[in-house]
Amino acid sequence: MPELPEVETITRQLVHSVVGKRIINITARWPRSLTAAPQDLDDAIGARITRVERRGKLIIISTDSDSSVLIHLRMTGQLLLGVLEKPDQHERARIVLDDTSVLRFNDQRKFGRIQVISQEAAARDPFLVALGPEATDAAAVARALRRHAPRRRSPIKALLLDQHVIAGIGNIYADEILFTAGINPATEASALSIPRLRRLASACPEILNQAIDLRGSTLRDYRDLDGTSGTYLSVARVHGRKGQTCRRCSATIAYASVAGRGTYWCPSCQRRTRSALGNPFT
Ligand SMILES: [Zn+2]
């Protein structure tokens, strides 16, 4: 599932390749992959793309008309830039541009969406409004953790994955960030001290910026705009490394379900500590 570094990679490529181009058409082969009121779709067609930005895991394409195009990649969504050609098996929708290039939205599992809405509606979109601060902003993440962690009995990993608390982190980078901060993923959020929360906040941009430099992670489906895989997993600290040796201490990387997600950690670098409440699992 694309997380902040993968979506940021695609967004930066879109800034270079589609800003200034005009939208000729937006069509869907799988109707539910495209959400658009007729008026908003009419406004978008013929409009020039003025800006592309990312918010959390969402791509926002603004135009010189009243319409914006929001792209939710979700589980298996891919955005590929090509020329007019026959659709792939998994193509669900496409945006045709005025230089005959095509943004193809492929999505094997069909959870992704292209949403065309007015700029006014985008500004008050419930999904966007509810997002927490960007995970690359250490100061904002530190404030969010200080506000939310003391009230949560859930594992700290669940808090990192909650897009209402921090926007952009998914299963891969949550594991990597927790390793970097030396925190066991099952630690109860409310048991973490302020210095440990601060360390966790600074680990977020450290990991995510490195992942952006490596153009993200490809487990199975993720490809960037050119169809290229990301290479972060070749340097991953713990994620995907069950049974392998910790790069820092040589202990064996552990794997179990935490917060309902397959989770990797180093049992030595990320020791469980007994919380003030005596919970043996923190
Ligand atoms: Zn270790």
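Predicted model: local features only at pLDDT ≥ 70, side-chain atom pairs only at ≥ 80, totals over all residues.
The protein chain is divided into domain 1, residues 4–129, and domain 2, residues 138–265. Their C-alpha centres lie 28 Å apart.

## Helix α1

Helix α1 has 14 residues, which at 1.5 Å a residue should span 20 Å.

The buried residues of α1 are Leu4, Pro5, Glu6, Val7, Glu8, Thr9, Ile10, Thr11 and Leu14. Among the elements that cover these buried residues are the strands β3 (49–55), β4 (58–63) and β6, together with the helix α8.

## The largest nonpolar core

The largest nonpolar core has 71 residues, and Ile169 and Ile177 touch the most other members. Helix α8 provides the largest share of this core, nine residues. Domain 1 and domain 2 both give residues to the core, so the core lies between them. In soluble globular proteins, nonpolar side chains tend to be buried together.

Leaving aside residues up to four places away in sequence, Ile177 touches Leu160, Ile169, Leu200, Ala203, Cys204 and Ile207. One of these contacts, Ile169, is the residue named with Ile177 as touching the most other core members.

## Arg215

Arg215 is placed in the loop between α8 (194–213) and β10 (254–258). This arginine counts as buried because 23 other C-beta atoms lie within 10 Å, and the cut-off for a buried residue is 20 or more.

Beyond residues up to four places away in sequence, Arg215 touches Thr9, Asp224, Thr228, Gly230 and Thr231. Of these, Thr9 is also listed among the buried residues of α1. Pro133 is 82 residues from Arg215 along the chain, and the C-alpha atoms of the two are separated by 22 Å.

Terms used. Residues numbered from 1 in each chain as written. Helix = DSSP H or I, 4+ residues; strand = E, 2+ residues; numbered from the N terminus. Buried ≥ 20, exposed ≤ 12 C-beta atoms within 10 Å, placed from the backbone. Contact = placed C-beta atoms within 7 Å. Core = buried A, V, L, I, M, F, W, Y, C linked by C-beta atoms within 7 Å. Domains from an automatic or database assignment. Expected span 1.5 Å × (residues − 1).
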